[in-house]
Amino acid sequence: MKKILDVKNLNVSFNTYGGEVKAVRGVNFDLHKGETLAIVGESGSGKSVTTKALMGLLPKPHGYVKEGEILFEDKDIAKLSEKELQKIRGKDLSMIFQDPMTSLNPTMKVGTQIMEGLIKHQKMSKTQAKERALELLKLVKIPNAEERIKQYPHQFSGGMRQRVVVAIALACNPKVLIADEPTTALDVTIQAQILDLMKDIQKKTDSSIIFITHDLGVVANVADRVAVMYAGKIVEIGTVDEIFYNPKHPYTWGLLGSMPTLDSDDSELYAIPGTPPDLLNPPKGDAFAPRNQFAMDIDFEEQPPMFKVSDTHYAATWLLDERAPKIDPPESVQKRIDSMASNDGKGDM
Amino acid sequence: MGQEREKLLEIKNLKQHFRTGRKSVVKAVDGLTFDVYKGETLGLVGESGCGKSTTGRTIIRLYDATDGQVLFKGEDVQGKLSNKELKKFNREMQMIFQDPYSSLNPRMTVMDIIAEGIDVHNLANNENERKERVYELLELVGLDKQHANRYPHEFSGGQRQRIGVARALAVKPEFIIADEPISALDVSIQAQVVNLLKKLQKDRGLTFLFIAHDLSMVKYISDRIAVMYFGKMVELADSDELYRNPLHPYTKSLLSAIPLPDPDYERNRVRAEYDPNDHDTSEVPEFREVTPGHWVLCTTKEFEAYKAN
């Protein structure tokens, strides 16, 4: 598969009154054509900052790429000027934001907002742009598009607004679509519709998607590959099956264990103790060590490298070192994995 | 659901209508009837705007009900009450709010936030007792007593929600309404708070009304679940029964929409869509008991069909 995006050793920092906050600390991943990569993690883990860096949307000057490369079609996005960025942004790289209530301009008709990018990037005339906007509204399944195109955002419901946001993001046939928690603000039934819509459109346009979320259920639904982030680092990356059925990092175990399944019994949920670390002074060693019940002495001393589990599956935990004792996931997590395997995807409710 | 269980709360035909203009009225809650048994957790689920939060807020009298009765231990708590009666009722029923950021007064110390109820109800005889009580509560919810002199902004979301829980428990209530207490928290922290709520319920025999839209969490914490749609309750059943055998088409579509953390399952899932127009509109549907303890909003014809299954 063709590599479309290659992120190498990305470090992003923010200068604050308290000092330098290292929000992203050495992230490596790539994105292939037509695939969906999900990035999961808690708030503050650096997942949104990573995508902001990809889009060149870091708040300047206090947020900056300290080190590393973001290669998009052999160009390093991190080094482009604002003017060059504007040529890519919205055209090749496009973004769907979390909150459909605030990401649209309330004073502009939705049609005009969709046409904006088309006129700017594709050099379309107004009539052409309008035709394309109408097409897009139909693509995202907004009923009665001819009427709706003339309306303002406040006349749309949350789910319909998010469809408009998707339409804007898709307007110029982007090669990479970055969706930052696109369904978090929506109800489950609407969420299901938007997810189906995005998958459907991906099939038609063959674009690549980076999907940021903290909902593992959504990840299982949309992702081909998954990257788990913690304290500014990717701690585990692999195909969706590898992450869900054969997780290796204790943090991934914790995330999986803390969600109840529909057939789980009354036993206590597996909760990760404590809270995420302060990235103003990232801890020495593995940032997850203080919350990790399996932490060894070395975890507090040295950061674990990425250990290879398979060609596509890597995890940063000393537990995978050959000198480490063999530790199985906690019982509740193992039980969940077993029950998923026995379900065999038949899944009837 | 046996009849022998004690009813803590009986809600009869509760209505909450808001006037939004001269002629327009929003029927946020439109004729709810249900019971909450002592010591159980009743989950209340539905989409945003279906009236689930309004229901909780009306029960605890943050809003005055438009119509209907709320009987708490057999006494009607809606309508005019003397200050004394109100105070007694307020002590027995408490609420945990959704947003741990806006539900704590930023100008008060944790000590004063938690002790506010203790002060109002004169539950402590002297300053020392008040302090001891707050320390006890902090420990109960997994915080430290040295946290008492800090302000809310010094805490994380999960810790704040624990403070909110401690505040609710301060007056030793019997019934707690938890309005989406975990929606604003991270996944790993959600599990901590849910475990805490479950433990408290077991240790103290509390009764919960748990309002949420996260169905898998609701299933986990609730004994029974009520599903709301547009101000009406469409289904009420034991949580296992509801998940195994949902009857109302809306419940079915809601259940089929929950994404589960299982990739194989997700690849093969089939979603059910709900179209309110599928119902027979010539007859006003009623809330009927199909099997013992399993209630569904249905017309006579639908009722017969459900029964036949």
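**Exercise 1.** Into which domains is chain A divided?

*Solution.* Before starting, note that this is a predicted model, where local features need pLDDT of at least 70 and side-chain atom pairs count only at pLDDT 80 or more, while totals for chains, interfaces and linings use all residues. Residues are numbered from 1 along each chain as its sequence is written, and chains are lettered from A and ligands numbered from 1 in the order in which they are written.

Step 1: chain A splits into domain 1 (3-223) and domain 2 (228-343), with bounds from an automatic or database domain assignment.

Step 2: the C-alpha centres of these two domains of chain A are 29 Å apart.

**Exercise 2.** Work out what domain 1 of chain A brings to its contact with domain 2 of chain A.

*Solution.* Step 1: count the residues. Here 21 residues of domain 1 of chain A meet 17 residues of domain 2 of chain A; a contact needs C-beta atoms, placed from the backbone, within 7 Å.

Step 1: find the elements. On the domain 1 side, strand S2 (19-32), strand S3 (36-40) and helix H8 (216-222) of chain A each supply at least two residues. Helices (H or I, at least four residues) and strands (E, at least two) are DSSP runs, numbered from the N terminus. S2(A) gives the most, with nine residues.

Step 2: sort by class. That side of domain 1 of chain A has ten nonpolar, seven polar and four charged residues. Nonpolar covers Ala, Val, Leu, Ile, Met, Phe, Trp, Tyr, Cys and Pro; charged covers Asp, Glu, Lys and Arg; the others, Gly among them, are polar.

**Exercise 3.** Now describe how chain B touches chain A.

*Solution.* Step 1: chain B puts in 37 residues and chain A 39.

Step 1: on the chain B side, the elements giving two or more residues are helix H6 (187-204), helix H7 (215-221), helix H9 (249-257) and helix H10 (263-268) of chain B. H6(B) gives the most, with seven residues.

Step 2: by class, the chain B side has 16 nonpolar, twelve polar and nine charged residues.

**Exercise 4.** How do strands S1 and S2 of chain B run, and how many bridges join them?

*Solution.* Step 1: S1 (residues 7-19) and S2 (residues 25-37) of chain B run antiparallel, joined by ten bridges; strands pair if DSSP finds at least two bridges between them.

Step 1: pick one pair. B:Arg19 has B:Val25 in S2(B) as its bridge partner.

Step 2: follow the link. A hairpin connects S1(B) to S2(B) through five residues.

Definitions and conventions: Two residues are in contact if their C-beta atoms, placed from the backbone, lie within 7 Å.
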